[in-house]
Amino acid sequence: MINTGAKRLFQAQDDAYQTAYTWAKKNLPKPIFMSAGDYSSTESMENDEPAIELGFPYYDKDLTVVEKLQDGNEAKGYVVGIYYFDQKLFTQVASAVIKTVWSALA
């Protein structure tokens, strides 16, 4: 179970975002827009040390928070990876296209 209000999780998200954004600038088609506050759901990982999978949505245009919620403005994909708390390391970074149930039904 993840304590979504924990300071340690917020720090992990901030650290992971920096790595994810750097990776995205080097590996994804331009233009690329990401925001540190926009992370997808998290998933605890079963490892020898505490770890969490994080995903950050990316867009091909700069959108406000409200615009991101409107139809037709879905993320182009996600920069995903695993954050290891003890090492303070975000690794196995890759791009993924994740369709939500709602967009699949539209």
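This is a predicted model: local features need pLDDT of at least 70, side-chain atom pairs count only at pLDDT 80 or more; totals for chains, interfaces and linings use all residues.
**Entry 1: helix α1.** I started with α1, which runs over residues 7–27 and has 21 residues. From its first C-alpha to its last I get a reach of 30 Å, close to the 30 Å expected at 1.5 Å a residue.

**Entry 2: burial along α1.** Which residues of α1 are buried? I list L9, A12, Q13, A16, Y17, A20 and A24. They sit on the same side of α1, because they cover an arc of only 140° around the axis. On the face turned away from the buried side I find the exposed residues K7 and K26.

**Entry 3: salt bridge.** How many salt bridges does the structure hold? I count one. The partners are K76 and D60, and their closest N and O atoms are 3.8 Å apart. The cut-off is 4 Å between the side-chain nitrogen and the carboxyl oxygen, so the pair qualifies.

**Entry 4: where the pair sits.** I placed K76 in the loop between α2 (65–68) and β3 (77–84). D60 lies in the loop between β2 (51–58) and α2. The two are 16 residues apart, and the pair links distant parts of the chain.

**Entry 5: exposure of the pair.** Are K76 and D60 buried, exposed or partly exposed? K76 has a relative accessible area of 45%, so I log K76 as partly exposed. D60 comes out at 37% and is also partly exposed.

Note on methods
Residues are numbered from 1 along each chain as its sequence is written. Side-chain values use heavy atoms; hydrogens and water are left out. Helices (H or I, at least four residues) and strands (E, at least two) are DSSP runs, numbered from the N terminus. Buried means under 20% relative accessible area, exposed over 50%, partly exposed in between (1.4 Å probe, protein chains only). The expected span of a helix is 1.5 Å times one less than its number of residues. The arc is that of the directions from the helix axis to the C-beta atoms.
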